[in-house]
Amino acid sequence: MPENDRITLRVARYRPEQEMEPTWQSYEVPLRKEWTVLDGLNHVKDHLDGTLSYRWSCRMGICGSCGMTVNGEPQLTCSAFLTDFAPGPVRVEPLANFPVVRDLVVEIDDFMNKLTEVKPWIIRAEDKPLDEGEFPQTPEEMDAYKQYSMCINCMLCYAACPVYALDPDFVGPAAIALAQRYNLDSRDEGSADRRDVLSSAAGVWACTLVGECTTACPKGVDPAGAIQRYKLTAATRSLKDLLWPWGQR
Amino acid sequence: MARRSPEPLLWLLFSAGGMAAALLVPVLLFLFGIAFPLGWLSAPDHTHLLSVLRHPATKVILFGLCLLCLFHWAHRFRYTLYDGLRLKNLSLVISLFCYGGAVAGSVAAGVVLFRI
């Protein structure tokens, strides 16, 4: 690839103090084999236009901050290579389905609130003292939840989910997958605490198994599968409650 | 516990319907739609087939298949109307039409099957 090759980034701008609607701005950045869309944006910020706002941190697909819509698809910009979009232009927009704060930065409070609602941490009926040692787990017990523990909260699945677009109350793919990450953990005893949120109308029952969340996930988590599995858990539970209403909850 | 919603039971019927349809319908279609008409397999004669159909087990299985498939359709079509056509504000009418249709279809299937 010639040293002076360039590619155009067509970036969505929104500066609430000066415009009512998002507008487009184009920047030419060097097209280098090892450059990602995020490197292109950083080049813009450092050399062309310091007013451009976007989130990023680790540059290696771990932190989950740099999710944006690249050519219409939700992606981590740190793992979307510019050469894959050559000759360009590359359209860079904020994540869909979230309110835009400024330029490429979205408001994530809704997701953060939903995340705490499903209690994604290990819940024990009684904490055992530290000197009693760790909680051993077999490799099989770890495999039961490990896939879901790969979630980095990047919210690409929310941007991809057509149900979340129509119904913002939907608890959503990542939050349900993370709830399952703990429900399926042999050390956890909190599944009853998560049940009301997960089996509500805005929980798993809002999902129509479109599967876009699983396609969009950059970490190989299968949120659609997590939701389907919980549907079976919740449905079995309701059936039990219906046939055996005096049983132990 | 939150107000009891019929959604889990409807989903169970939906998923059971999908499973039953996926397992049984292709076999029935292959036998009665392709293999018998094309003569790949020798077709049972009418009296034989009728006596198979009159067996209570056949009636129950076929009735179950019809019922589950209809409820599968009802659930899927309800969400197609909700999300595909953005008609969620008509949810009562849509639910009555879809699940009512499935009930009516099941009754009709039952009448046909158990009168044979």
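At 12% relative accessibility, A:Asp49 counts as buried. That makes this residue a handy way into the structure, which is a predicted model.

What does A:Asp49 meet in a salt bridge? Its partner is A:Arg13, with N to O at 3.0 Å. A:Asp49 sits in the loop between H1 and S3 of chain A while A:Arg13 belongs to strand S1, so the pair ties together parts that are 36 residues apart in sequence. A:Arg13 is buried too, with a relative accessible area of 0%. Salt bridges with shared partners also bring in A:Asp103, joining A:Arg13, A:Asp49 and A:Asp103 into one network.

**Other salt bridges**

Over all chains, the count comes to 12 salt bridges. Here are three of them, each within chain A:

| Pair | Closest N and O atoms |
|---|---|
| A:Arg124 and A:Glu189 | 3.6 Å |
| A:Arg194 and A:Asp188 | 2.9 Å |

Take A:Arg124 and A:Glu189, which form a salt bridge. This pair links distant parts of the chain, 65 residues apart: A:Arg124 is in the loop between helices H2 and H3 of chain A, and A:Glu189 is in the loop between helices H6 and H7. A:Arg124 is partly exposed, at 25% relative accessible area, and A:Glu189 is partly exposed as well, at 44%.

What about A:Arg194 and A:Asp188? A:Arg194 is buried at 0% relative accessible area, and A:Asp188 counts as buried at 10%.

**Chain A as a whole**

Chain A has 9 helices and 7 strands, and its C-alpha trace spans about 70 × 40 × 30 Å along the principal axes. Of its 249 residues, 44% count as buried. Helix H1 (residues 37-48) holds several of these, including A:Val37, A:Leu38, A:Leu41 and A:Val44. Which strands do the buried residues of H1(A) pack against? They pack against S1, S2, S3 and S5 of chain A.

**Where chain B comes in**

Chain B and chain A bury about 1200 Å² between them, and 72% of that is on carbon and sulfur atoms. Helices H1 (7-35) and H3 (56-84) of chain B are the elements that give two or more residues to the side of chain B touching chain A. The largest share, 5 residues, comes from H1(B). By class, this side of chain B has 6 nonpolar, no polar and 5 charged residues. Across the interface, the rule finds 0 salt bridges. The contact takes 11 residues from chain B and 14 residues from chain A.

Definitions and conventions
Residues are numbered from 1 along each chain as its sequence is written. Chains are lettered from A and ligands numbered from 1 in the order in which they are written. This is a predicted model: local features need pLDDT of at least 70, side-chain atom pairs count only at pLDDT 80 or more; totals for chains, interfaces and linings use all residues. Side-chain values use heavy atoms; hydrogens and water are left out. Buried means under 20% relative accessible area, exposed over 50%, partly exposed in between (1.4 Å probe, protein chains only). Helices (H or I, at least four residues) and strands (E, at least two) are DSSP runs, numbered from the N terminus. Contact means heavy atoms within 4.5 Å. Buried area is the accessible area (1.4 Å probe) that two parts lose on being put together, summed over both. A salt bridge is a side-chain nitrogen of Lys or Arg within 4 Å of a carboxyl oxygen of Asp or Glu. Ala, Val, Leu, Ile, Met, Phe, Trp, Tyr, Cys and Pro count as nonpolar, Asp, Glu, Lys and Arg as charged, and the others, Gly among them, as polar.
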